[in-house]
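Trainee: I should like to examine a structure with you, question by question. May we begin with the overall picture and then turn to individual elements?

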Amino acid sequence: MKQQPEVNQQQPSLYLDVYCQNEEPCLPLHTSIVLFLLSYCECKLFKVYLVFNKPSSSESLRSQLPESLNASDIQSEALPQLVRGCRLPAVLDETRRLCRAGLAVVLRHIINKTIDADPSRNDVQALLGFKKTCLKACAEVSRWTRLCEIDIPSAVEEHLQNPTNEDHQVPLSVLTLERRLAEPVKVHNDDKIRRRKLQEQRRDESTESQGNLDSESKPGQSSQACDGLELRAALAKLSVDSVPALTTRENSEIRKVKTADLPLLEHVFAEGLYFTLTDVVLLPCIYQYLCSLQARAAWMLHRLPHLVRWYSRVQEVPGVLRAAKACGLLLSIPQVPMSTLPALSAEDSPTNLVVQEEDQDMTPQVPFVGGPRPTMTKLKENGIEAVFTPHPCPSWTLPWDSLPGAINPTEGKMSNIRAVRKMQQLNNLVAMVTELARPGYTIVDFCSGTGHVGIVVAHMLPDCQVILIENKEESLVRAQNRSAELGLENIGFIQANLDYFTGPFHIGVALHACGVATDMVMEHCIQAGAAFVISPCCYGFIQNAVKFTFPKSKRFQETLTSKEHMILCRFADQTAVQLPPDRRLIGKQCMGLVDMDRSWAAETRGYSVQVMTMEPESCSPKNNMLVGRPLQKSGLEVTTSQLEEPVYN
């Protein structure tokens, strides 16, 4: 295996959290996961900092840190300001302007940097999965990412911190994983593997029938052999020399079997057949969980047979045991005599428990019948109609002719017509932000994409600090390149989900935040006591989520059911220019009603909110703007004092 090149002084910095328990430093699970991946990848491309919230040292943690780790201790107050505004783990790049925060984002970045340094690392490249999308979707929109990145680590952490509960119940998130592992899997182009499995099944059945006189033959032998086939296929994916690829051609009888009649493939690893980043995330979590069961309640393991089998298979992956040992993880499967295990009733089965819990949490999805008119009539009868505040400066425009080319949307990869509309949209948002901004303010462009809003704001308001937050790395890197071309010094970039940004700010802005992203940005601004300028989008994607239920305001809740509100949301998307004018008018009214509900909910929390239309209306089918101001100014004054130092150092 190639040695990774030595890095220079400008290497990126990786910040990992450490907490103290009983005055002793401990590694939280997300830190252990990152360390395990660094060890598995043999990655030495980062300067690692262990972050302490109180004076302490990492000396007692040496057994949990790889010997080759280039790590230093740092106090949280000494963190760079951009990192201080994020939840750890976080990576600050060589420019000190781009911060990647959050477990999945940081792990994917470590993998990509390792591959860039050594493209021959097929085992590392395979961690990203098919089409390199493993854990790429943010936790706000992907239940699977949320389960692996947030729910399971949080549940295990909570379980470890409350070990005195004798009547312990398996966490729901762990039960959900157990149920997932019990399901058959589909992988890309799996027909060949399934035919090979059928061939081995028939061969083993033939062997078993010939040896029927052997009284010691064990039932289930055939399934074990097939299980070995799937594991061999999974390990072959890693291009390990000692594991041959599945190249044997099936006989003609097997080839004639219809695809629907082929045996299903069982889970080998968490996402299906192949070892991916998800397994890397789960292994330290399940290791800690199983260790606690072995010490206190090992009899519970019979509830998790598929999880224990997965745990055993992961250890067969080349490099896993080496990486685990380097991080002080002494992997083993707790041995529990079967005679000591109580019988598992149907009511207590993992599948049944998860289904019961999901049934309690799930909002029934009733098919929508009819149009929005009955709902709108119901609102009108209760004195609720869409009202739009007049635009305060409908003719205001940026000086596009005198702005640098890198700011103009026409320089991007979009048509001239779309570029003109984008310029009009920017006129509206920047006008509102400029009215709200004061020297020294921090302005956050949420869901920033390639930076159309944030870069213009940073250029127009050089006395303000601007932060662009975006989950898609490709978009954010492009925004960083654009700002570098412009020589902007008052701008920083964070690749993260919204939840991972915790820093103070004064104004939040978002252009076409899709679905509940608008509500997430509003909530972030309200929590920070910040003003906001938001253009919503994709109303049809609005749905009840972990953090939000609709309607949001008391008056709407007293008037509409959730189903009726969702009808408004669906028809709020009926504003495309090719639709008949009367239909677009109804869509615009639905948009106004949905945003009125949002604004009233914010007003009960101390905000003044205006719902207005961007000018000209033709700039976008989704042309609403929500402009919110906190009624209490003291919150912003406190935040200002916290930001007297430069944001980027």
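The discussion below concerns a predicted model.

Trainee: How many helices and strands does the protein chain have?
Mentor: The chain holds 649 residues, of which 52% count as buried. Among its contacts with a separation of 6 or more, 74% involve residues 24 or more positions apart. Its secondary structure comes to 22 helices and 13 strands.

Trainee: What is the mean pLDDT, and which stretch with pLDDT below 50 has 6 contacts beyond near neighbours in sequence?
Mentor: The mean pLDDT of the chain is 81, and 75% of its residues reach 70 or more. Where pLDDT is low, the predicted coordinates should not be read in detail. Residues 240-246 stay under 50 in pLDDT, with 11 contacts beyond four places in sequence. The stretch with 6 contacts, also below 50, is residues 215-226.

Trainee: Are helices H1 and H3 roughly parallel or roughly antiparallel?
Mentor: Helix H1 covers residues 29-41 and helix H3 residues 103-117; their axes lie 11 Å apart, at an angle of about 10°. Angles under 35 degrees count as roughly parallel. H1 is therefore, relative to H3, roughly parallel.

Trainee: How many nonpolar residues does the contact of H1 with H3 have?
Mentor: From H1, the residues involved are His30, Ile33, Val34, Leu37, Leu38 and Cys41. They meet Leu103, Leu107, Ile110, Ile111 and Thr114 in H3. By class, the contact has no charged residues and 2 polar ones, and its nonpolar residues number 9.

Trainee: What is the omega of the cis peptide bond from Phe550 to Pro551?
Mentor: Pro551 belongs to the loop between strand E11 (531-537) and helix H19 (554-559). For the cis bond from Phe550 to Pro551, omega is near 0°.

Trainee: Is Cys447 buried or partly exposed?
Mentor: Cys447 lies in the loop between strand E7 (442-446) and helix H16 (452-460). Although Cys447 is not a glycine, its phi is positive, at about 50°. Buried means under 20% relative accessible area, and exposed over 50%. With a relative accessibility of 31%, Cys447 is therefore partly exposed.

Trainee: In which strand is His512 found?
Mentor: His512 is a residue other than glycine, yet its phi is positive, near 55°. Its place is within residues 507-514, which form strand E10.

Trainee: How many of the 9 residues of H16 are buried, and what covers them?
Mentor: H16 is mostly covered, with 7 of its 9 residues buried. These are His452, Val453, Gly454, Ile455, Val456, Val457 and Ala458. Their cover includes helix H15 (416-436), E7, E8, helix H17 (473-486), strand E9 (491-495) and E10.

Trainee: How far apart are the C-alpha atoms of Leu461 and Gly440?
Mentor: With a relative accessible area of 14%, Leu461 is buried. Not counting residues up to four places away in sequence, Leu461 touches Val433, Thr434, Ala437, Ile443 and Asn490. Leu461 and Gly440 are 21 residues apart along the chain, and their C-alpha atoms are separated by 9.7 Å.

Trainee: Which residues touch Leu177, leaving aside its neighbours within four places in sequence?
Mentor: Leu177 is part of helix H6 (residues 172-182) and is buried, with a relative accessible area of 0%. His306 lies 129 residues away in sequence, with 9.0 Å between the C-alpha atoms of Leu177 and His306. The contacts of Leu177 are Trp144, Ile152, Leu282, Ile286 and Leu307.

Trainee: Which helices are included in the cover of the buried residues of H20?
Mentor: The buried residues of helix H20 (residues 562-572) are Glu564, His565, Met566, Ile567, Leu568, Cys569 and Ala572. What covers these residues includes helix H14 (373-381), H19 and helix H21 (581-603).

Note on methods. Residues are numbered from 1 along each chain as its sequence is written. This is a predicted model: local features need pLDDT of at least 70, side-chain atom pairs count only at pLDDT 80 or more; totals for chains, interfaces and linings use all residues. Side-chain values use heavy atoms; hydrogens and water are left out. Helices (H or I, at least four residues) and strands (E, at least two) are DSSP runs, numbered from the N terminus. Buried means under 20% relative accessible area, exposed over 50%, partly exposed in between (1.4 Å probe, protein chains only). Contact means heavy atoms within 4.5 Å. pLDDT is the predictor's confidence in each residue, from 0 to 100. Axes are lines fitted to C-alpha atoms, for helices over the stretch in contact, and angles run from 0 to 180 degrees between N-to-C directions. Angles under 35 degrees count as roughly parallel, over 145 as roughly antiparallel, 65 to 115 as roughly perpendicular and the rest as oblique. Ala, Val, Leu, Ile, Met, Phe, Trp, Tyr, Cys and Pro count as nonpolar, Asp, Glu, Lys and Arg as charged, and the others, Gly among them, as polar.
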